Amino acid sequence: MRLGLLLSLAMHALLLSIPVEGDVFGLPGLRMPWEERRLAARDLNVRLAPMPIPMPTPAPAAPPAAPSPTPIAIPEAPVAVRQPRPPAEPVSSPPAPAVAAASIVRRDTTPAPQTDDAASARIIALEQEQREKAIEDERVRQQVVQREAAAAAGQQRLSELKAQAQARDQAAREALASAEAAQREAARLDAARQEQARRDAARAEEARQEQAKLDAARAEAARQEQAKLDAARAEEARQEQAKLDAARAEEARQEQAKLDAARAEATRLEQAKLAQQEAARQASISQEAARQAQLQLPQAPAAPMQSAQEAQREERLRAIGRQMKQEAAQRDASGGQRRGWLLGRADANADLVAYAEAMGRKIELNMSLNSVRDVVRQPHRQPLVTVAVRSDGSVERVTFVNSSGVPAVDDAIRQIIASHAPYGPFPPALARQYDVVEIRRTWIFDVAVRLE
């Protein structure tokens with residue numbers, strides 16, 4: 001509202017400073033309305049112009065009247081007869097005064113001597129001059145009256161304009177005074193507002209500093225308290241970890257002792273089994289040799305065939321022995337890992353059988369024959385493959401017990417096994433028993449990929 005009032009006062013001051021008349025173009029200078037006079041009455045100028053004289057009209061013939069007892073005396077001296085003026089434009093003249101008209105009528109009614117034309121002409125000229133003079137005087141008088149009335153009206157208008165100018169000057173002074181008062185009040189309010197803002201800012205800064213000090217003190221107290229809690233928790237965790245480490249070490253030691261005992265027992269059993277197999281093989285060899293010796297003479301023609309079968313049997317036994325030695329060497333090189341074997345589909349360990357079936361289903365259901373169709377079209381044997389899987393589902397190694405005879409098919413099998421890894425972690429019961437399991441399957445490629 002203050003800004004609107006100030007703008008309104010400024011605009012009115014500019015409007016009041018516009019001159020009404022004169023040769024000024026645009027707004028005037030920065031002068032106050034009362035420093036110059038904008039409305040002034042012009043000077044009254046009166047100019048008299050000669051009035052045109054109408055043509056003299058002949059007087060009408062007067063009727064004969066009774067002779068006057070006292071005739072008009074006509075001077076004897078010659079009188080210069082005034083020549084009539086040239087005709088001018090007919091101008092409507094106001095009626096002559098009543099006195100002049102009476103004198104003219106009276107003179108017209110006076111019978112002029114019929115015998116003296118010069119006197120008549122002189123009388124007519126004199127009467128005409130008097131008439132013209134009376135008309136001119138009346139016209140001048142009317143013009144003077146009109147000019148006096150105009151001057152009075154101009155004076156009245158000038159007085160009104162002066163009164164209006166004074167009223168406008170007074171209003172402008174009052175508006176300027178009000179504007180100055182409003183400006184002073186606004187300046188005072190602005191100063192008070194700035195002072196209040198400065199005080200508020202100082203108070204806010206003091207409050208902020210005080211709050212910062214309190215926050216710093218609280219943060220320091222919280223930090224010290226948290227440090228104490230962290231130290232106590234760290235000590236408790238250290239003690240608990242020490243207890244857990246001791247318990248784990250004891251469990252590991254006991255488990256290792258059990259594993260060592262089980263491994264020693266397994267080794268002993270394996271060695272006993274190998275010894276039994278070797279003894280059985282030697283016994284079978286000796287029996288076969290004795291039988292051949294008994295039948296050597298009567299059955300001499302069949303000796304070459306029996307020797308060939310014996311050679312094949314010996315070769316199979318040697319292969320079995322080499323495989324068993326290789327597996328024993330692998331078990332010894334495994335670094336004490338617990339290993340399990342599934343050489344077929346049946347086993348006493350149900351968890352191991354279920355894991356092997358899940359592994360086989362994953363390969364069979366997610367593998368299409370189209371990707372290896374061009375490779376398996378080559379003549380090949382059905383490979384027998386052993387896959388060693390760790391407890392986390394990753395593949396440790398792939399061993400071909402019987403190769404397919406085509407390196408491309410073997411490589412395709414390795415790629416299939418690697419592409420489907422990992423095969424999922426062991427179930428908890430199986431993980432407690434073994435670290436690695438070896439699953440042996442026969443791979444068949446016919447209408448699909450099948451593991452038997």
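**Strand β4 and its surroundings in a predicted model**

Strands β4 and β5 (residues 449-451) pair in the antiparallel sense over 3 bridges, where pairing requires that DSSP finds at least two bridges between the two strands. Strands here are DSSP runs of E with at least two residues, and helices are runs of H or I with at least four, both numbered from the N terminus. The model is a predicted one, in which local features need pLDDT of at least 70 and side-chain atom pairs count only at pLDDT 80 or more, while totals for chains, interfaces and linings use all residues. Residues are numbered from 1 along each chain as its sequence is written, and side-chain values use heavy atoms, with hydrogens and water left out.

A hairpin of 3 residues connects β4 to β5, and phenylalanine 445 has valine 449 as its bridge partner in β5. With strand β1 (residues 339-342) it forms 4 bridges in the parallel sense, arginine 339 standing opposite valine 436 of β4. Strand β2 (residues 384-390) runs antiparallel to β4 and is joined to it by 7 bridges; here valine 436 is the bridge partner of arginine 390.

How enclosed is β4 by the rest of the structure? Strand β4 (residues 436-445) is largely enclosed, because 9 of its 10 residues are buried, that is, under 20% relative accessible area with a 1.4 Å probe and protein chains only (exposed is over 50%, partly exposed in between). Across the chain of 452 residues, 18% count as buried.

Turning to a helix, glutamate 138 lies in α3 (residues 117-294). This residue counts as buried because its relative accessibility is 16%.

Overall, the chain has 8 helices and 5 strands.
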